[in-house]
Amino acid sequence: MLVAQETGASVGGIEPPPSCPAGPLRRILSAAVVLTVLLAILTGLYLLVRISSRPVARAWDFLMGDPSARVDAHFRLVILDVRLRGTFAAVFVGVCLGAAGCLLQAVTRNPLADSWLIGVNFGCSLGLVIGFTYFGVRSSYVLLVWALAGGMAASVVVLLLAAWGRGAASLLRLVLVGSALVATFYGMTSYVLLSTQSTFDTFGYWTIGSLAGLKTSVTCPLIPVIVIGLLVVFGSARSLVALALGEDGARALGHRPGLIRVVVAAALALLAGSAVPISGPIAFVGLLTSHAARAVSGSRMAAQLALSALIAVDVMIAADILTRVAIRPWETAVSVFLAFVGGPLLIWIARSRRLSTAGGTA
């Protein structure tokens, strides 16, 4: 640890603590304020942008409580029902995917780790459609349990692979097997959806990743699950910093790497299992926001988790706004836009020098 601090080398892609905490802390707080203000601006734009042929000024009057605008049934339907639910969906999904991606990168010490890229999200999807199709589950609470079970199974596989081996070979193995899990789970989910009409009618809309399907019956049981998942994540922050020093270093500091991975697997299942019923599997969000948060927070894991979640919420809302205006008068799913942006950025991350450094010390 002392050598890493003196030479400025990173351990597992996580920078060593800076010698002067005041500057980085100020930078983290400034970033949090900027992201919060940006969230407020994006939310306002999301509620106002392109509501049929109505002018934006009338939508603003509706939000401000103008009685003449409040009688417009179309505004009431679009803003209070569709757009407001979309905002909540973006917040829930962004928080879950941002925190899950950051958590997964920290515990695997792999800058390419993401709950979508290594199959955790698709494990949740598979568990959900199996419970609905073959076991007749209709309760939102029980369906959530099936989604969590699928996510937990995928998380355990991923974390076992992360603990097996060292160096670049371990990094490559995790990515390759994660890709295999994605293909396997996606194929199995598609088979179940296409073979059963009732399942396709119920879940087919979110197979491409969309924020349009949020329902109150789904949201209510998710809120305590998301809260518990976030509490587990932030409670694990100190252990994750110790794990970044390697298993021997973590044990020397009094931590148990095996227990840390079990707790992380549970937290990943809770977060991914909460995001999937809302939006379906959405790609690249956790991967990209984790790198952005790490650039600001450095080795401060709690700050990194919080910033990653906040950035992910902004990204989700911004992406949904762009999907509504990019190909007017039609709209597309938010996952389509994120794939266009995330693909090139993933290539850039894979070719960066810091990736090879992280892989060599994993």
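Figure 1. Helices (H or I, at least four residues) and strands (E, at least two) are DSSP runs, numbered from the N terminus. This is a predicted model, in which local features need pLDDT of at least 70, side-chain atom pairs count only at pLDDT 80 or more, and totals for chains, interfaces and linings use all residues. Residues are numbered from 1 along each chain as its sequence is written, and side-chain values use heavy atoms, with hydrogens and water left out. Of the 362 residues in the protein, 51% are buried, meaning under 20% relative accessible area with a 1.4 Å probe and protein chains only. Among contacts with a separation of 6 or more, 73% join residues 24 or more positions apart; contact here means heavy atoms within 4.5 Å.

Figure 2. H13 is mostly covered, with 18 of its 23 residues buried. Just after H13, glycine 280 takes a positive phi of about 80°. Look next for phenylalanine 284, in the loop between H13 and H14: its phi is also positive, about 75°, although it is not a glycine. Phenylalanine 284 counts as buried, at 9% relative accessibility.

**Figure 3. Helix H14 against helix H15.** Two packed helices are described by the angle between their axes and the distance between the axes. Here H14 (residues 285-297) and H15 (residues 301-325) pack at about 130°, with their axes 8 Å apart. The axes are lines fitted to C-alpha atoms, for helices over the stretch in contact, and angles run from 0 to 180 degrees between N-to-C directions. That makes H14 oblique to H15; angles under 35 degrees count as roughly parallel, over 145 as roughly antiparallel, 65 to 115 as roughly perpendicular and the rest as oblique. Residues to look for in this contact include Val285, Ala292 and Val296 of H14 and Leu307, Ile311 and Val315 of H15. By class, the contact of H14 with H15 has ten nonpolar, five polar and one charged residues. Ala, Val, Leu, Ile, Met, Phe, Trp, Tyr, Cys and Pro count as nonpolar, Asp, Glu, Lys and Arg as charged, and the others, Gly among them, as polar.

**Figure 4. Helix H14 against helix H16.** H14 and H16 (residues 334-350) pack at an angle of about 55°, their axes 10 Å apart. That makes H14 oblique to H16. Val285, Leu287, Leu288 and His291 in H14 meet Leu338, Gly342, Leu345, Leu346 and Ile349 in H16. This contact of H14 with H16 has seven nonpolar, two polar and no charged residues.

**Figure 5. Helix H15 against helix H16.** The axes of H15 and H16 are 8 Å apart, at an angle of about 105°. H15 and H16 are therefore roughly perpendicular to each other. Among the residues that meet are Val315, Met316 and Asp320 in H15, and Phe337 and Leu338 in H16.

**Figure 6. Leucine 112 and leucine 346.** Leucine 112 sits in the loop between helix H5 (73-108) and helix H6 (120-134). With a relative accessible area of 12%, leucine 112 is buried. Leucine 112 and leucine 346 are 234 residues apart in sequence, with 8.0 Å from C-alpha to C-alpha in space.

Terms used:
Buried means under 20% relative accessible area, exposed over 50%, partly exposed in between (1.4 Å probe, protein chains only).
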